[in-house]
Structures are given as C-alpha cells and as structure tokens.
Amino acid sequence: MHRPTALGGALAALATAAASVLVAAAVSTTPAVAATGGTGTGYLRTSGNKIVDSTGATVRLTGINWFGMETDNRTFHGLWSSNPWRSQLDTMARLGYNTLRIPYSNDALKPGATATGINDYVNPDLVGLSPLQILDRVVDYAGSKGMRVILDRHRPTSAGQSPLWYTSTVSEATWINDWKMLAQRYANNTTVIGADLHNEPHAEGTNPAATGACWGCGDTARDWRLAAERAGNAILAVQPNWLIFVEGVSCPSGGLSNIWDGDPSNDEDCGWWGGNLSKAGQFPVRLNVANRLVYSPHEYATSVYHQAWFDDPTYPANMPGIWDRYWGYLYKQNIAPIMMGEFGTTLQDPKDKIWLQNLMAYTGSGVNGMSFTYWSWNPNSGDTGGIALDDWTNINTAKQAILQPYLIAPVGGGGPSPTGSPTASPTGSPTASPTTPPPTGGCTASYKQVNAWQGGFQGELTVKNNGTGTVNPWSVTWTWPSGVTVASGWNATVTQSGTTVTAAAPDWAKSLAPGASVTIGFTANGAASAPDTVKLNGAAC
C-alpha cells in the first residue's frame with residue numbers, strides 16, 4: 001500500500017534518498033518466549049495450503065500492518081502520539097491481531113540512519129535509538145505477547161514504491177544483502193517468522209514496450225518470479241527456518257494493455273498491484289528449502305481504486321470468482337498457503353462494507369482459514385484509514401466488528417477464542433453474558449512501572465478476573481497519594497476524582513471473562529506511585 005497522509009506536517013513527509021549496500025554482522029537480540037496457541041510453537045513452515053508450527057499444529061496468522069519505517073521517519077508512525085508504543089501493541093494483541101507486518105525501506109537500514117517523529121515525553125525509552133534498534137524493541141515486546149512478526153521490504157527508498165525490486169540507486173544486490181542482514185539479525189528469535197520480499201511489484205510501460213514486473217516472462221531483469229527465487233534462496237541460505245512471502249504482480253506481462261488499439265484480444269487481465277498470482281500455478285516460485293513458500297496477494301476496495309468489478313450487476317456475487325482467478329485457486333487446489341498481506345478500506349462507500357464482509361467470509365472461519373494482515377493499524381493511511389483512530393488510542397469499531405470473528409488472539413492478548421469464531425451479535429461484535437456485580441471469587445492485581453521522569457511516570461496495571469462469571473461491563477478503581485494525577489490512559493477510559501482513579505471498559509472490550517486479564521496503561525503527573533486499593537467492580541483485589 002502507499003500514499004500515507006501526513007500527520008503533524010513534516011512527520012510523514014517523504015524525501016528522496018539514495019541507498020547503499022549494507023553488510024552487517026549478526027546482532028544478538030533477546031529470543032522471544034516460545035509462542036503458543038494462536039501463533040503456534042517454534043518456527044513455522046507450510047504443509048499444502050496450511051501454515052503449521054514446529055509440532056505440526058495448524059496456525060492462522062490474523063495480523064495487522066504498522067507502517068512508518070518505510071517513510072522518511074524511518075520508524076513506526078504514531079510514536080508522536082500520546083499513546084506509548086507498548087500500549088499500542090497491547091491494544092493490537094488484545095483486539096486479536098496475532099501477527100505484525102512491518103514495512104521498511106532500505107533507507108532505514110543504512111548505517112547512520114536516524115528515526116524521527118518520536119514523542120520523547122511519552123516514549124523516552126526510544127530516544128537516541130536507531131531505526132533497527134527500535135525495531136528490535138518492537139520485535140521483543142511483540143514476541144512477549146505471543147505475536148509473530150513479518151518483515152516487509154516496502155520500498156527501496158523512502159521516496160516511494162517501485163514496480164521492480166531494484167532501481168537506479170538501489171541494486172538487486174543491495175536488496176538481497178539487506179535481507180540477509182535482517183535474517184542474520186533475527187536468526188535466533190522465533191518471533192520473526194519471515195520475509196515479504198518486495199511490496200506490490202507492478203506493471204509499467206505500455207505493451208509491447210513493457211518495463212514493469214512480469215510473472216513467468218523469463219526476462220531476468222523483469223521476471224518477479226525469478227527474482228523472488230533468487231532473494232528467497234539467498235535468505236534461506238542464511239536462515240532456513242523463515243517463511244518466504246511472495247506477492248503477485250498487477251499484469252503478468254509487466255506492461256499495461258494498449259486500450260486504444262481497438263483489439264480486445266490482446267488486452268490483459270490485470271489486478272491490484274501485488275495482487276495478481278494468476279500465473280503462479282503455471283510458473284511456481286521454486287525454493288531450495290521445502291515447505292517455506294507462502295503466496296501473499298493484496299486486495300483493496302473502492303476507496304483505493306474503483307475497479308470495474310465493483311460495478312458488475314451481480315456484485316458481490318461476482319467477487320469469489322475474481323478472487324479465485326487471481327490467487328484463491330492456490331489455496332483451494334492445495335498448492336500453497338495464502339497470507340493476504342494487505343487489504344483495507346475507509347468503509348465510506350456502502351459497497352466497501354459489503355466487500356469487506358464478503359472477503360472475510362471468503363478467507364474462511366477458524367484456524368483453517370487463510371491468513372491475513374489488515375492494512376492498517378495507522379489512521380494516516382490516505383485511502384484506507386486505520387483500525388486506530390486519529391488519537392492512536394481509540395478504535396474504529398465499524399471495521400473491528402467485521403474483522404473480529406476471524407481474529408485468533410495471541411496468547412496473553414485477549415480477544416476472541418482460539419477457534420476464531422466467537423458468538424457474534426447482529427452487528428458482528430462479539431457478545432458475552434452480561435453480569436454487572438463484582439466477580440464471585442475475587443480478582444488479583446499486579447503493577448509495573450514502565451518509565452519515570454522528572455514530574456511524571458508511566459505504568460501498567462493488570463487486573464485478572466478470578467471469579468466464575470463474566471464481568472460486563474468491567475470497571476477498575478484505585479487510589480493514589482494526593483498530588484498524583486492522570487495525564488493519559490489507554491485500554492480503558494481513565495478518569496480521576498480526588499485521589500480515586502476509575503478505568504472504565506472501552507466499547508470494543510466491555511467484558512472480562514473468568515480467568516481473563518486487562519492491562520490498563522497510563523501516564524501520570526507527580527511522584528511515581530503504585531496504584532493502591534485496587535478493585536474490580538467494587539471487589540477488592
């Protein structure tokens with residue numbers, strides 16, 4: 001995806017910069033705890049059209065994109081907001097997103113690259129870190145929540161996307177060497193599961209003078225299938241445990257049809273950038289390590305471009321056939337897994353809501369459905385918007401309600417059940433048996449101080465329902481010494497009266513099931529103090 005809109009002026013402005021070959025020694029990062037449940041155990045591999053873990057259990061990746069590292073900020077967008085970076089990941093996991101797809105450009109990997117657009121008051125722990133060091137932090141924290149990470153080479157430079165995997169300033173060697181560096185960097189961290197080799201290869205030039213990415217044409221300078229093999233095999237030589245995610249093209253010829261020649265016989269069937277895998281069955285990507293290939297198409301709604309199929313009189317009944325033709329056949333014929341790397345919409349056109357509902361149904365329910373990473377967490381994606389609203393804290397409930405039944409939460413992330421098919425209300429929102437009394441059996445509370453600075457601090461209060469019934473809606477209260485006041489809060493609506501703080505359940509997560517926990521994040525003014533007299537719906541913890 002492309003065209004993020006600016007937020008805060010220069011924070012999201014794009015600048016042209018050259019890239020150079022980056023050769024780096026392996027960097028040791030803390031291995032994530034072994035992922036279980038929603039994202040499986042150990043490294044992942046493929047089996048027919050399934051992704052499976054090291055035990056052979058089927059895994060469905062139900063993730064989200066968090067972009068920014070591909071822009072000239074060279075790090076995640078939203079770090080300028082009042083919501084700390086960890087709490088944003090907390091919310092993603094809690095909503096049920098078990099995988100994080102992280103776009104980057106080769107500019108962000110250069111020695112001396114600097115990250116900008118960081119609110120140092122909210123994220124003091126990121127000040128002075130390089131883009132890769134910030135990525136390390138995000139990977140480690142995501143892993144601690146049971147999430148998985150897919151790295152996405154989104155752009156050669158921060159200036160914009162490219163039809164081919166190389167440009168006049170970023171060579172194929174740079175592309176591959178940077179991938180090898182990343183594979184070495186995260187070689188011992190099972191949180192990072194693979195490489196999305198290049199984002200949205202697409203056609204350029206008018207046939208027969210095609211200059212863009214083709215599929216199966218045999219031209220080594222343009223054949224994306226052959227380039228994916230070269231890069232994929234180079235990565236697997238360094239890290240044989242990674243999955244290799246290969247997107248499609250837009251037009252298999254690599255060029256746009258000449259619609260002015262009056263000859264419809266040579267007009268080509270083209271799709272979304274990165275979304276056309278119609279030739280992958282005939283010309284499959286061949287990797288040296290078996291069971292590592294995942295095809296990763298992109299799919300969008302009218303808010304990105306009004307394709308002709310949206311005006312078909314049979315819409316939306318025509319859409320499954322289109323998806324079958326472009327990429328779905330690979331899954332249905334048991335050729336390879338599908339991980340839909342990007343799909344999104346503003347939902348402003350009524351057709352888009354129908355599109356999203358039908359697309360999700362097409363992917364299938366439960367753990368055996370196709371994997372996906374929604375575009376995007378970011379609210380500043382120009383033609384889709386995000387799951388997060390403009391404050392980077394509150395949630396677009398209309399989108400979340402459609403996606404929620406298909407999400408399989410990471411361990412510790414909360415969200416829907418491991419089947420991915422929670423009971424839903426007519427609007428699509430998960431429901432629970434409402435109970436308003438205090439939990440029978442009590443609760444427990446634990447507190448972690450995340451940061452502190454002169455005049456303030458940041459903390460996380462985790463409260464677990466030890467009772468036998470669901471608390472709906474839940475509400476947590478605590479007290480602080482005089483002079484300590486709430487500055488901001490997340491994962492709840494946090495207010496204060498005197499020395500008593502109340503954290504009320506948000507609309508998107510009102511219920512707290514037996515055995516479930518909620519983590520309330522906050523920043524506060526005053527001397528660092530742990531919450532005292534913590535209660536869940538009036539019951540002392």
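**Exercises on aromatic rings**

In this predicted model, the charged end of Arg325 lies over the ring of Tyr326, 4.9 Å from its centre, where "over" asks that NZ of Lys or CZ of Arg be within 6 Å of the ring centre and within 35 degrees of the ring normal. Local features need pLDDT of at least 70 and side-chain atom pairs count only at pLDDT 80 or more, whereas totals for chains, interfaces and linings use all residues. Residues are numbered from 1 along each chain as its sequence is written, and side-chain values use heavy atoms, with hydrogens and water left out.

**Exercise 1.** Classify the pair formed by the rings of Phe310 and Tyr315.

*Solution.* Rings of Phe, Tyr and Trp (its six-membered ring) pair if their centres lie within 6.5 Å, and planes under 30 degrees apart count as stacked, over 60 as edge-to-face and the rest as tilted. The count by this rule is 26 aromatic pairs. For Phe310 and Tyr315 the centres are 5.9 Å apart and the planes stand at 75°, so the pair is edge-to-face. Both Phe310 and Tyr315 are buried, a term for under 20% relative accessible area, with exposed over 50% and partly exposed in between (1.4 Å probe, protein chains only).
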